[in-house]
Structure formats: structure tokens, C-alpha cells
Amino acid sequence: GMDTTFFSDEDQGRVRHEQGRIDAPTATEGGLYTSGWFKRGPSGIIGTNIPDARETVATVLQDLETSVAVNPDEPPLESLLKERCVDVVDWEAYQRIEMQET
């Protein structure tokens, strides 16, 4: 069967985490993070997932600032996304979209 040791409440499908961090980054690899229903359990709508995501993103950014797992030889994330033609929606663009949709 599936390894469920990381669940804090297996019946509800919630994973054990600290502000969205399941596992902290190590010297050789990045951390593992969660958001949404897996973090909180199957409840709510998109609007209730946003605060979860914000908390998790803040944790990821904090870890990136202090992480020893960052490889200085790797290109910055922005360069990688541009190279792969990924359209990025930053916070300002998200707010413009949100204003149009409401």
C-alpha cells in the first residue's frame, strides 16, 4: 500500500507540514511543500486555497533565501522559464486578472 506516514490525519487526507513545508531543503536537494486540499483537507473553494498558497509561497521564498541547496552554476529560475517559453503571471498581473474577473 501507499506510505501514509507523512499524513497528520489520514482519514482527512491532510499532510503533516509547517507553514506548507513538508520537508526542509538539504545540502543536496530542495524542500517539499504543499498547498490546498492536501495541506488543509478537502474543504473550501479556490478562494480558501489562496491563503494556503500564499503561506506556502512565503515559506518557499524564505527557504530559498537561506538554502544551501542552491547551485550557483544553475541559471536563475526566470531565465529557465523564459528559455522554456513559460508565461509567468506575477502578482501585479494576477491582480489585474482578478480585477477583470470580479
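I searched the whole structure for salt bridges (a side-chain nitrogen of Lys or Arg within 4 Å of a carboxyl oxygen of Asp or Glu) and got 3. This is a predicted model, where local features need pLDDT of at least 70 and side-chain atom pairs count only at pLDDT 80 or more, while totals for chains, interfaces and linings use all residues. Residues are numbered from 1 along each chain as its sequence is written, and side-chain values use heavy atoms, with hydrogens and water left out.

**Arg-21 and Asp-63**

I looked up Arg-21 and Asp-63, whose side chains form a salt bridge at 2.8 Å, N to O. The pair links distant parts of the chain, with Arg-21 in strand S3 (residues 21-23) and Asp-63 in helix H2, 42 residues apart. Helices (H or I, at least four residues) and strands (E, at least two) are DSSP runs, numbered from the N terminus.

Buried or exposed? I checked Asp-63. Asp-63 is buried at 8% relative accessible area, and Arg-21 is buried at 16%. My cut-offs: buried is under 20% relative accessible area, exposed over 50%, partly exposed in between (1.4 Å probe, protein chains only).

Asp-63 also has a side-chain polar contact of 2.5 Å with Tyr-33. A polar contact is a pair of N or O atoms within 3.5 Å; within protein, one must be able to donate a hydrogen and the other to accept it, and residues adjacent in sequence count only if both atoms are side-chain atoms.

**Helix H1 to helix H2**

I then took Glu-55 and Lys-39, with closest N and O atoms 2.5 Å apart in their salt bridge. Glu-55 sits in helix H2 and Lys-39 in helix H1 (residues 37-40), so this pair ties together parts 16 residues apart in sequence. Lys-39 is buried at 5%, whereas Glu-55 is partly exposed at 32%.

Arg-40 and Asp-52 form a salt bridge too, at 2.3 Å, N to O. Here Arg-40 in helix H1 is linked to Asp-52 in helix H2, 12 residues away. I noted Asp-52 as buried, at 12% relative accessibility.

**Aromatic pair**

How many aromatic pairs does a search of the whole structure find? I found 1. Trp-91 and Tyr-94 are stacked, at 5.1 Å centre to centre with 25 degrees between the planes. Rings of Phe, Tyr and Trp (its six-membered ring) pair if their centres lie within 6.5 Å; planes under 30 degrees apart count as stacked, over 60 as edge-to-face and the rest as tilted. The two residues are 3 apart in helix H4 (residues 91-101), about one helical turn.
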